[in-house]
Amino acid sequence: MRLFWLDLETTGLDPAKCVVLEVAYGVSSLEDPFNLTDRGGFTVHHVRRDGDDVDPCVVDMHTKNGLWVECADSVLSMRDVEGCLLQIVPDIADLEDKPTLAGNCVGFDHSFLKRYAPALAARFHYRYYDVSSVKLFCRSLGMPKLPSGETHRAADDVTESVVHADK
């Protein structure tokens, strides 16, 4: 079984009102989940305009980390990104062999895929390898909270998810 580690950066929390800014992925197997055999990322074209309904915290965060500028310079649409990822994620009919989404709060990312990349979203199993759930479970056992990198960049977040899942 393949794990498809995923992270999205978005303009907010609601896929009905917000858009995807950045996508990063890594691929591994369930047998060796922390060994990424493939990885990559895409910045999605987006130009922020006055009057956009974007939380000021999101604007500040992505201005500081440079993502707003990279989005304005990008030529890729979310449809382009979906096309690239459809070349990587196999279309498998057997439910037990479908790739499983992995990452931190990956259900959030899947909700954006369902809206903006539905053909891609349909290729994944309904279950998740959710690192945030594992971290919460560990905290319930009295283990210390793991530090967060807070870069709010998709590639860094994929790496952090893999590292935290490996703890």
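This is a predicted model: local features need pLDDT of at least 70, side-chain atom pairs count only at pLDDT 80 or more; totals for chains, interfaces and linings use all residues.
**Close-up 1. K98, a lysine tucked into a loop.**
K98 sits in the loop that links α3 (78–86) to β4. Its relative accessibility comes out at 12%, so K98 counts as buried. Who are the residues that K98 touches, leaving aside those up to four places away in sequence? They are M1, I92, A93, A122, R123, F124 and H125. Take F124 from that set: K98 and F124 are 26 residues apart in sequence, yet their C-alpha atoms are 5.7 Å apart in space.

**Close-up 2. The open sheet, strand by strand.**
Five strands make up this open sheet, and reading across you get β3-β2-β1-β4-β5, with mixed pairing. The edges belong to β3 (38–43) and β5 (128–130), each of which pairs on one side only. Ignoring direction, neighbouring strands of the sheet are turned by 20 degrees against each other on average. As a reminder, strands of a sheet pair through backbone hydrogen bonds, either parallel or antiparallel.

**Close-up 3. β1 and β2, side by side.**
β1 (residues 2–10) and β2 (residues 20–29) run antiparallel and are joined by nine bridges. To find your way along the pair, start with R2, whose bridge partner in β2 is S29. Then look for F4, which stands opposite V27 in β2, and for D7, whose partner in β2 is A24. Both strands are mostly covered: eight of the nine residues of β1 are buried, and for β2 the count is nine of ten.

How do β1 and β4 pair, in the parallel or the antiparallel sense? They go parallel, over three bridges. A handy landmark for this pairing is L3, which stands opposite T100 in β4.

**Close-up 4. Helix α6 against the sheet.**
α6 (residues 131–140) packs on the sheet and touches β1, β4 (100–103) and β5. The direction of the helix makes about 50 degrees with that of β5.

**Close-up 5. The largest pocket.**
The largest pocket in the model has a volume of about 490 Å³. Of the 23 residues lining this pocket, which are closest to its centre? Those are D7, E9, N104, H152 and D157. The lining draws on several elements: β1, α1 (56–64), α4 (106–116), α6 and α7 (154–165) each supply at least two residues. By class, the lining has seven nonpolar, nine polar and seven charged residues.

**Close-up 6. C105 and its positive phi.**
C105 lies in the loop between β4 and α4. Its phi is near 55 degrees, a positive value in a residue other than glycine. Is C105 buried, partly exposed or exposed? Its relative accessibility is 38%, so C105 counts as partly exposed.

Terms used. Residues are numbered from 1 along each chain as its sequence is written. Side-chain values use heavy atoms; hydrogens and water are left out. Two strands pair if DSSP finds at least two bridges between them. Helices (H or I, at least four residues) and strands (E, at least two) are DSSP runs, numbered from the N terminus. Axes are lines fitted to C-alpha atoms, for helices over the stretch in contact, and angles run from 0 to 180 degrees between N-to-C directions. Contact means heavy atoms within 4.5 Å. On a 1 Å grid over the protein atoms alone, a cavity is a set of points where a 1.4 Å probe fits but cannot get out, and a pocket is an open set with protein on both sides within 12 Å along at least five of seven lines; lining residues have an atom within 4 Å of a point. Grid points are joined across faces, edges and corners, and a volume is the space filled by probe spheres set on the points. Ala, Val, Leu, Ile, Met, Phe, Trp, Tyr, Cys and Pro count as nonpolar, Asp, Glu, Lys and Arg as charged, and the others, Gly among them, as polar. Buried means under 20% relative accessible area, exposed over 50%, partly exposed in between (1.4 Å probe, protein chains only).
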